[in-house]
Amino acid sequence: MTKLILFASLLLNFSVAFARTDSTNQFQGRVASEAEVVQYLSKYVYELKRPYMVFHWFDATNRNALWKSPISAYDYAGYNYVRNQGSRFFQSYCSTQNSSLNPDDCSPASTPNYGMNNMYGPGFYAAQNPMETYSFGGGPGNAVLIQIQLPKGFKTLDLVKDTPLFPSEISNYFQNEQCPYFSSLSALVQLPSGYGDRDQCKLAVRRVLKDKLNIEGFFYDYGNFLSISGCNSDALVPPSSETAAIGNYRGPFGQRALVLTSTGRISPSNVRIFNSQTPDAKTDRITLDAIFKLMSGRIYSGYLRLTWSDVPSNDTNPNVVDWLKENVMGCKAEVPYGPTR
């Protein structure tokens with residue numbers, strides 16, 4: 001009888017252990033430490049070698065009347081808009097169920113479900129050229145264009161270049177943090193729209209991406225590119241020491257859009273805001289108008305632009321292609337970023 005009881009006890013213990021393993025540790029092998037995860041992911045973080053422009057349209061319909069008024073291109077409201085939208089991405093990685101788990105830089109969301117259905121959750125989405133996402137402006141009279149100059153050294157992931165499958169110990173780390181089936185970079189940044197109710201998972205990814213790696217944004221595949229005389233952002237760059245430094249990757253670098261995850265190094269002087277009544281920054285508006293004219297019919301079937309009464313149809317910027325090469329990532333045959341230092 002004693003042996004029977006002992007056997008039954010061992011069998012029960014084995015069953016409990018098996019159930020615990022099956023329910024909470026559905027993986028095999030070693031679990032990486034957070035420091036190892038950070039070290040592994042750091043090789044997929046890049047720094048811009050020089051400043052580049054990105055562009056964001058929004059529809060002023062049913063918004064503050066300021067956006068449809070004669071607003072200055074330098075108005076602080078443009079910077080505030082960028083800062084507000086740009087903070088939303090990592091705010092969506094904060095706990096909504098137990099605020100005591102949150103770090104100090106988490107703030108209660110006034111609209112907790114805002115933007116959660118977007119491809120990568122809430123955030124500031126920007127294109128690499130001002131024509132690509134014009135339709136988000138809602139049409140003439142309501143369209144507002146935000147132009148941002150990303151600073152040199154801007155730290156980013158590039159999901160177009162890098163979609164590596166994690167080694168098992170890295171995947172195990174995330175699974176141990178209640179992040180199921182996280183096997184690549186894209187899973188980490190799609191968390192808000194995928195597993196937004198998993199607080200432990202959100203906070204773990206937040207620590208790694210925001211606090212340890214300090215990423216300021218990430219590029220994702222949007223398929224946009226410029227293909228005009230003197231600027232072909234669909235082309236590969238020549239092999240060089242710079243391509244070797246990023247794993248012999250040669251592009252193309254023009255087929256991307258950006259999600260901002262931090263605006264800490266973007267200053268008001270990096271932001272311009274334009275609507276159809278913008279009265280100043282005429283040189284900038286002439287350049288934008290020239291881009292709209294140049295790209296008319298290439299992305300959209302028709303001539304779409306912001307219209308300014310003080311920029312006549314024959315007033316253009318003859319150096320617009322040079323401007324694009326200097327300011328739009330992928331227009332010039334160069335590698336735009338390198339490994340972090």
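Mentor: A nonpolar core is a set of buried Ala, Val, Leu, Ile, Met, Phe, Trp, Tyr and Cys residues joined through side-chain atoms within 4.5 Å. Buried means under 20% relative accessible area, exposed over 50%, and partly exposed in between (1.4 Å probe, protein chains only). The model is predicted: local features need pLDDT of at least 70 and side-chain atom pairs count only at pLDDT 80 or more, whereas totals for chains, interfaces and linings use all residues. Residues are numbered from 1 along each chain as its sequence is written, and side-chain values use heavy atoms, with hydrogens and water left out.

Trainee: How many residues does the largest nonpolar core have, and which have the most contacts inside it?

Mentor: The largest nonpolar core has 68 residues, and Leu-41, Ile-148, Phe-174 and Val-205 have the most contacts inside it. Helix 3 (residues 76-91) supplies the largest share of this core, six residues. Helices (H or I, at least four residues) and strands (E, at least two) are DSSP runs, numbered from the N terminus. Apart from this core lies another, of 27 residues, with Ala-73, Met-295, Val-328 and Cys-331 among them.

Trainee: With which residues is Leu-41 in contact, leaving aside its neighbours within four places in sequence?

Mentor: Contact means heavy atoms within 4.5 Å. With neighbours within four places in sequence left aside, Leu-41 is in contact with Phe-166, Phe-174, Leu-185, Leu-188, Val-208 and Leu-213.

Trainee: How are aromatic pairs classified, and how many does a search of the whole structure find?

Mentor: Rings of Phe, Tyr and Trp (its six-membered ring) pair if their centres lie within 6.5 Å; planes under 30 degrees apart count as stacked, over 60 as edge-to-face and the rest as tilted. The search finds 24 aromatic pairs. The rings of Phe-58 and Tyr-81 are stacked, because their centres are 4.4 Å apart and their planes at 20°. This pair links distant parts of the chain, with Phe-58 in strand 2 (residues 52-59) and Tyr-81 in helix 3, 23 residues apart. Phe-58 is buried at 3% relative accessible area, and Tyr-81 is buried at 9%.

Trainee: Is the pair of Tyr-125 and Tyr-220 stacked or edge-to-face?

Mentor: It is edge-to-face, because the ring centres of Tyr-125 and Tyr-220 are 6.2 Å apart and the planes are at 80°. Tyr-125 lies in strand 3 (residues 124-127) and Tyr-220 in strand 6 (residues 217-221), so the pair ties together parts that are 95 residues apart in sequence.

Trainee: Where does Phe-274 lie, and is it buried or exposed?

Mentor: Phe-274 lies in strand 10 (residues 271-274) and is buried, at 0% relative accessibility. Its contacts beyond four places in sequence include Ala-73, Gln-147, Ala-281 and Leu-288. Gln-147 lies in strand 4 (residues 143-150) and is buried at 5% relative accessibility.

Trainee: Which backbone features deserve a note?

Mentor: The peptide bond from Gly-251 to Pro-252 is cis, with omega near 5°. Pro-252 is found in the loop between helix 8 (241-245) and strand 9 (256-260). Asn-214, although not a glycine, has a positive phi of about 55°, and Asn-214 is partly exposed, at 37% relative accessible area.
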